Amino acid sequence: MKNLIERIEARLDDWGAKLEKKNIEYPVDLICGILFLVIGIVLLLIMPQQVQISEKDVVNGRAFPTMLIWLMLAMSALLVGREAYNMVMHRPVKTKTLNLLVEAKALVIVLILVVTYLLAEITGLFVVGAVFCALAFLLFFRCKKPLYYAITVSMAVLIWVVFHFVLNVSF
């Protein structure tokens with residue numbers, strides 16, 4: 001068992017070393033402009049299903065959100081146009097660099113939180129999600145002390161027991 005854990009950690013270290021060297025550089029304003037153009041178009045397309053109106057109203061529930069979306073689309077188009085112009089004219093554009101190791105770690109943390117929510121929701125028991133979350137984060141941060149695992153699991157169960165049986169709070 002210990003040999004298996006050491007092999008897994010060696011593999012993770014190898015992947016981490018490879019990802020740490022990889023960076024992605026992208027033009028921030030251009031990507032954000034395109035992203036908000038897409039979001040604006042999607043919002044305009046789904047608004048009729050989300051906000052019902054009556055024909056007798058002069059100003060209805062769609063008026064203000066529609067104006068804001070059109071403003072967002074206009075500003076996004078200006079941003080994309082400005083950045084495209086700067087690229088064509090070979091002017092410097094604002095860029096951001098992403099390190100793939102940092103982003104992969106963030107993705108794993110988000111996945112742990114999503115799985116925690118799903119476990120708690122599917123089972124209907126907070127304690128299942130809490131125990132999974134505690135164990136997953138300890139494993140993610142490579143905690144080697146068994147006492148930490150015992151403490152976090154017992155505290156998650158204890159908190160659930162107090163809330164569920166003593167305070168009669170269901171969650």
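The paragraphs below lead through a predicted model, beginning with a pair of helices and moving on to cysteines and to some individual residues.

The crossing in which H5 passes H6 is right-handed. On the side of H5, the contact is made by Phe126, Val127, Ala130, Val131, Ala134, Leu135, Leu138 and Leu139, while H6 contributes Tyr148, Tyr149, Thr152, Val153, Ala156, Val157 and Trp160. Sorted by class, the residues in this contact of H5 with H6 are 14 nonpolar and one polar, with no charged residues.

The cysteines come next. A disulfide is a covalent bond between the sulfur atoms of two cysteines. How many disulfides does a search of the whole structure find? The search finds zero, and for Cys133 the distances show why: its sulfur lies 14 Å from the closest cysteine sulfur, that of Cys143, which is too far for a bond, given that a disulfide requires the two sulfur atoms to be within 2.5 Å. Cys133 counts as buried, at 17% relative accessibility, whereas Cys32 is partly exposed, with a relative accessible area of 32%.

His90 has a positive phi of about 60° although it is not a glycine, and His90 is found in the loop between helix H3 (63–88) and strand S2 (95–99). With a relative accessible area of 73%, His90 is exposed. Asn168, which is not a glycine either, has a positive phi of about 55°, and Asn168 is found in the segment that comes after H6. Is Asn168 buried or exposed? Its relative accessible area is 60%, so Asn168 is exposed, the cut-off for that class being over 50%.

A last stop is Val115, which is found in helix H4, made up of residues 100–123. At 33% relative accessibility, Val115 counts as partly exposed. Taken together with Gln50, Val115 also gives a sense of distance within the model, for the two residues are 65 residues apart in sequence and 29 Å apart in space, as taken from C-alpha to C-alpha.

Methods. Residues numbered from 1 in each chain as written. Predicted model: local features only at pLDDT ≥ 70, side-chain atom pairs only at ≥ 80, totals over all residues. Heavy atoms only, no water. Left-handed = near helix turned anticlockwise from the far one by under 90°. Helix = DSSP H or I, 4+ residues; strand = E, 2+ residues; numbered from the N terminus. Contact = heavy atoms within 4.5 Å. Nonpolar A, V, L, I, M, F, W, Y, C, P; charged D, E, K, R; others polar. Buried < 20%, exposed > 50% of the residue type's maximum accessible area, 1.4 Å probe, protein only.
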